[in-house]
Amino acid sequence: MSIHNKQYYLFANWKMYLDYDESNNLASALANKAKDFSEEIKMAIFPGALAFHAATQILHNVNIKTGAQNAHWVDRGGYTGEISMEMYKRAGAAYILVGHSERRHLFYEDNHDVRQKVEAALNAGLTPVICVGETERERAGGQAEEVVEIQLRAALEDIKWPAGRELIVAYEPVWAIGTGNNCEPIDAEKMQARIADWIKALVSDTIPVLLYGGSVRPDVVTKYLILPHINGVLVGGASAKFDSWLEIVQNSATTVTQ
Ligand code: PGA
């Protein structure tokens with residue numbers, strides 16, 4: 001028996017790890033392998049902007065969706081260097097990462113920016129993957145839940161969620177991203193249960209999809225996927241290499257309960 005009795009999400013954030021050719025090569029390798037992937041998997045890859053369109057075309061006929069790593073909230077105009085949600089939608093995107101900690105911490109995006117992006121994504125017909133998570137200092141100071149609640153509230157309070165649109169939140173503790181420091185599954189589960197409650201209070205009539213992210217590797221992926229409040233994982237480093245991503249896919253599909 002598989003660990004899953006429903007669909008689960010394997011999302012691959014390629015960040016700025018791959019150039020144009022490398023992205024297309026990895027997309028092609030995944031397209032060739034896709035027929036072997038379990039039907040329970042909802043897979044999406046998030047290539048860099050340069051390769052987004054080509055990678056999306058390569059994956060067009062297989063069951064792997066694509067998403068943007070970042071986009072601007074205005075549709076069109078004088079915004080040098082930006083790409084809009086609308087443009088990504090037209091180029092075939094299904095998802096957009098919003099509030100990723102690298103955007104928050106390296107590019108100073110705040111909760112207000114995140115909110116604008118969530119709204120723009122919904123208007124453009126994209127599903128935002130809303131990323132939240134506390135820093136090491138905030139966790140050490142006992143503020144982890146408070147920080148995550150504030151981030152979620154800013155993103156979702158009084159929002160009109162389109163009927164039928166998935167509401168995806170990725171809990172990614174900042175100290176676990178790209179560091180090899182895994183969040184203990186028990187801590188991840190505790191936070192995800194809180195996140196589920198907060199979402200329920202903020203947005204009625206939605207069943208949230210909750211992802212965990214932060215140093216997910218082939219050997220630990222199932223520890224998260226078996227948790228009651230986790231529907232999938234958002235993977236960075238280990239998703240940008242064919243072998244480790246394939247291992248994640250295979251491990252997650254074949255692990256047996258008890
Ligand atoms: P990581 O990144 O798997 O490399 O820690 C996760 C993320 O940033 O989404």
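The axes of helix α7 (residues 144-156) and helix α8 (residues 185-202) come within 10 Å and cross at roughly 30°. This is a predicted model, where local features need pLDDT of at least 70 and side-chain atom pairs count only at pLDDT 80 or more, while totals for chains, interfaces and linings use all residues. Residues are numbered from 1 along each chain as its sequence is written, and side-chain values use heavy atoms, with hydrogens and water left out.

**Helices that pack**

- Two packed helices are described by the angle between their axes and the distance between the axes.
- Axes here are lines fitted to C-alpha atoms, for helices over the stretch in contact, and angles run from 0 to 180 degrees between N-to-C directions.
- Helices (H or I, at least four residues) and strands (E, at least two) are DSSP runs, numbered from the N terminus.
- Now for another pair: helix α1 (residues 20-33) and helix α10 (residues 242-254) pack at about 35°, with axes 11 Å apart.
- The α1/α10 crossing is right-handed too.
- Leu 26, Ala 29, Leu 30 and Lys 33 of α1 meet Phe 242, Trp 245 and Leu 246 of α10, a set with six nonpolar, no polar and one charged residue.

**Aromatic pairs**

- The count comes to seven aromatic pairs (rings of Phe, Tyr and Trp, using its six-membered ring, with centres within 6.5 Å; planes under 30 degrees apart count as stacked, over 60 as edge-to-face and the rest as tilted).
- Take Phe 11 and Phe 46: their ring centres are 5.6 Å apart and their planes at 55°, so this pair is tilted.
- Phe 11 sits in strand β1 (residues 8-13) and Phe 46 in strand β2 (residues 41-46), so the pair ties together parts that are 35 residues apart in sequence.

**Pockets and a cavity**

- On a 1 Å grid over the protein atoms alone, a cavity is a set of points where a 1.4 Å probe fits but cannot get out, and a pocket is an open set with protein on both sides within 12 Å along at least five of seven lines; lining residues have an atom within 4 Å of a point.
- Grid points are joined across faces, edges and corners, and a volume is the space filled by probe spheres set on the points.
- The largest pocket has a volume of about 620 Å³.
- Of its 25 lining residues, Lys 15, Met 16, Gln 69, Asn 70 and Arg 103 are the closest to its centre.
- The lining of the largest pocket splits into 13 nonpolar, seven polar and five charged residues.
- About 240 Å³ lies in the second largest pocket, and strand β7 (residues 208-213) gives the largest share of its lining, three residues.
- There's one cavity of 30 Å³ or more, lined by Gly 99, Ser 101, Arg 104, Cys 131, Val 132, Gly 133, Glu 172 and Val 174.

Technical notes
Left-handed = near helix turned anticlockwise from the far one by under 90°. Contact = heavy atoms within 4.5 Å. Nonpolar A, V, L, I, M, F, W, Y, C, P; charged D, E, K, R; others polar.
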